Amino acid sequence: MTHLRRPSERSYDDLSRYSWFAAPPAPFPVPARAVYLLPQYDEFTVAYKDRAITRDPAFPDDAFLILDPVVVVEGRVTGVWKRTLAKSSVTLTITLYAPLDRQRRDELERAVERYGQFLGLPAVAETRMAGG
């Protein structure tokens, strides 16, 4: 047992044979997409006691509604969605609480297409504004 040294007896010279490099800080990643369809009980909506920061101001302050599958636009819950499965397709009924500009509507369509690809079915979106 004499060949083992206690941690306090180790020398930093043991590490001298290594070269150490520090990488420059990486820039904060910008998401390629700004619109997401999140599932029910996603941690984005359930992990916070105060969910006000995750909701668009137009989204109702409803403790149960935010636990539904949600539409997230630029980091804020902006709507809810539900799916209807058919034998050969899936329909997503999307209810928005805030209007989307053309670019965000296109991104929502792409999110619906990705969801359909995930299921292996063609996906169709039926989008409406809440209260309308």
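**Figure 1. Salt bridges of Arg 104 in a predicted model.** Arg 104 pairs with Glu 107 in a salt bridge whose closest N and O atoms are 2.6 Å apart; a salt bridge here is a side-chain nitrogen of Lys or Arg within 4 Å of a carboxyl oxygen of Asp or Glu. The model is predicted, so local features need pLDDT of at least 70 and side-chain atom pairs count only at pLDDT 80 or more, while totals for chains, interfaces and linings use all residues. Residues are numbered from 1 along each chain as its sequence is written, and side-chain values use heavy atoms, with hydrogens and water left out. Arg 104 and Glu 107 both lie in helix H2, three residues apart, about one turn of the helix; helices (H or I, at least four residues) and strands (E, at least two) are DSSP runs, numbered from the N terminus. Arg 104 also forms a salt bridge with Glu 74, with the closest N and O atoms 2.4 Å apart. Because Arg 104 lies in helix H2 and Glu 74 in the loop between strand S2 (70-73) and strand S3 (76-85), this pair ties together parts that are 30 residues apart in sequence. Arg 104 is buried at 14% relative accessibility, and Glu 107 is buried at 8%, whereas Glu 74 is exposed at 52%. Buried means under 20% relative accessible area, exposed over 50%, and partly exposed in between (1.4 Å probe, protein chains only).

**Figure 2. The salt bridge between Asp 61 and Arg 55.** The closest N and O atoms of Asp 61 and Arg 55 are 3.8 Å apart. Asp 61 is exposed, with a relative accessible area of 69%, while Arg 55 is buried, with a relative accessible area of 14%. A search of the whole structure finds four salt bridges.

**Figure 3. The loop between S2 and S3, with Glu 74 and Gly 75.** Glu 74 has a positive phi of about 50° although it is not a glycine. Most residues other than glycine have a negative phi. Gly 75 is partly exposed, at 39% relative accessibility. Leaving aside neighbours within four places in sequence, Gly 75 is in contact with Phe 44 and Thr 54, contact being heavy atoms within 4.5 Å. The C-alpha atoms of Gly 75 and Thr 54 are separated by 6.8 Å, although these residues are 21 residues apart along the chain.

**Figure 4. Tyr 41 in the loop between S1 and helix H1 (43-46).** Tyr 41 has a positive phi of about 60° and is not a glycine. Its relative accessibility of 52% makes Tyr 41 exposed.

**Figure 5. The largest nonpolar core.** A nonpolar core is a set of buried Ala, Val, Leu, Ile, Met, Phe, Trp, Tyr and Cys residues joined through side-chain atoms within 4.5 Å. The largest one has 14 residues, and those with the most contacts inside it are Leu 37, Val 71, Trp 81, Leu 92, Ile 94 and Leu 108. S1, S2, strand S4 (90-96) and H2 are the elements that give two or more residues to this core. Apart from it lies another core, of nine residues, among them Leu 38, Leu 67, Val 70 and Val 72. Not counting residues up to four places away in sequence, Leu 108 touches Val 35, Leu 37, Val 71, Ile 94, Leu 96, Leu 100 and Thr 127.

**Figure 6. The largest pocket and its lining.** A pocket is found on a 1 Å grid over the protein atoms alone, as an open set of points where a 1.4 Å probe fits, with protein on both sides within 12 Å along at least five of seven lines; lining residues have an atom within 4 Å of a point. About 150 Å³ of space lies in the largest pocket, a volume being the space filled by probe spheres set on the points, which are joined across faces, edges and corners. The lining consists of Arg 33, Tyr 36, Leu 37, Leu 38, Pro 39, Trp 81, Ala 111, Arg 114 and Tyr 115. Strand S1 (35-38) and helix H2 (102-119) each supply at least two residues of this lining. By class, the lining has seven nonpolar, no polar and two charged residues; Ala, Val, Leu, Ile, Met, Phe, Trp, Tyr, Cys and Pro count as nonpolar, Asp, Glu, Lys and Arg as charged, and the others, Gly among them, as polar.
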